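Here's a friendly walk through a protein structure for someone meeting it today. Have the sequence and the 3D view open as you read.

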Amino acid sequence: MKVSSRILLVTLAATIALPFAAMAAKGDRKNKKDDATPAFATVDKSSDGTISPDEFVAATKEKLGGEENAKKRFETLDKDGNGKLSKEEYEAGNTGSKKKRKKSGN
Ligand SMILES: [Ca+2]
């Protein structure tokens, strides 16, 4: 049957294309600097939806060059200053890491 051979061909093509697609996706990620930053869910060990300073420091101290740097980074990301990072705070900081906002105290 010609139909079955066509299906075979499509399957074959997909099998061949898949590794390339995976490679392309990986390459894409490598181009981003964000790659060094672990995903929110990975950092949020307790899965409570927020990142505590301990969780943040544990996950990033090596990449940021030490605990002190990680703590400073945490404070920078904690925009509302409640001592925890929401997903929004964490991801906003990761994508816009060049902009450093200072907390406006009174
Ligand atoms: Ca916060």
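## The overall layout

The protein has five helices and two strands. Going along the sequence, they come in the order α-α-β-α-α-β-α. Keep in mind that this is a predicted model.

How much of the protein is buried? Of its 106 residues, 12% are buried. As for contacts between residues at least 6 apart in sequence, 33% of them join residues at least 24 apart.

## The core

Now for the inside. The largest nonpolar core has seven residues: Ile 51, Phe 56, Val 57, Ala 59, Phe 74, Leu 85 and Tyr 90. Helix α3, which covers residues 53-64, supplies the largest share of this core, with three residues.

What do they pack against?

## A closer look at α3

Beyond its neighbours within four places in sequence, Ala 59 is in contact with Pro 38, Thr 42 and Val 43. Pro 38 sits in the loop between α1 (2-31) and α2. Besides Ala 59, Pro 38 touches Val 43, again not counting residues up to four places away in sequence. Pro 38 counts as partly exposed because 15 other C-beta atoms lie within 10 Å. Pro 38 and Phe 56 are 18 residues apart along the chain, and their C-alpha atoms are separated by 9.9 Å.

## Where α3 meets α4

How do these two helices sit against each other? The axes of α3 and α4 are 8 Å apart, and the helices pack at an angle of about 125°. An angle like that makes α3 oblique to α4. Their crossing is right-handed.

On the α3 side you'll find Pro 53, Phe 56, Val 57, Thr 60, Lys 61 and Leu 64, and they meet Glu 67, Asn 69, Ala 70, Lys 71, Arg 73 and Phe 74 of α4.

Two of the α4 residues deserve a visit. Glu 67, in helix α4, is in contact with Val 57 and Lys 61, leaving aside its neighbours within four places in sequence. Glu 67 has 13 C-beta neighbours inside 10 Å, so it counts as partly exposed. Its C-alpha atom is 9.7 Å from that of Phe 56, which is eleven residues away along the chain.

Lys 71 also belongs to helix α4. Not counting residues up to four places away in sequence, Lys 71 touches Pro 53 and Val 57. Lys 71 and Val 57 are 14 residues apart in sequence, yet 6.3 Å apart in space, C-alpha to C-alpha. With 16 other C-beta atoms within 10 Å, Lys 71 is partly exposed.

## Two loop residues

Next stop, Lys 84, in the loop between α4 and β2. Which residues does Lys 84 contact beyond its neighbours within four places in sequence? They are Thr 50, Ile 51 and Ser 52. Lys 84 and Thr 50 are 34 residues apart along the chain, but their C-alpha atoms are separated by 6.0 Å. Lys 84 is partly exposed, because it has 19 other C-beta atoms within 10 Å; a buried residue needs 20 or more.

Most residues other than glycine have a negative phi. Ser 47 has a positive phi, near 55°. Is Ser 47 buried or exposed? Ser 47 counts as exposed, because it has 7 C-beta neighbours inside 10 Å.

Conventions: Residues are numbered from 1 along each chain as its sequence is written. This is a predicted model: local features need pLDDT of at least 70, side-chain atom pairs count only at pLDDT 80 or more; totals for chains, interfaces and linings use all residues. A nonpolar core is a set of buried Ala, Val, Leu, Ile, Met, Phe, Trp, Tyr and Cys residues joined through C-beta atoms within 7 Å. Helices (H or I, at least four residues) and strands (E, at least two) are DSSP runs, numbered from the N terminus. Two residues are in contact if their C-beta atoms, placed from the backbone, lie within 7 Å. Axes are lines fitted to C-alpha atoms, for helices over the stretch in contact, and angles run from 0 to 180 degrees between N-to-C directions. Angles under 35 degrees count as roughly parallel, over 145 as roughly antiparallel, 65 to 115 as roughly perpendicular and the rest as oblique. A crossing is left-handed if the near helix is turned anticlockwise from the far one by less than a right angle, and right-handed if clockwise.
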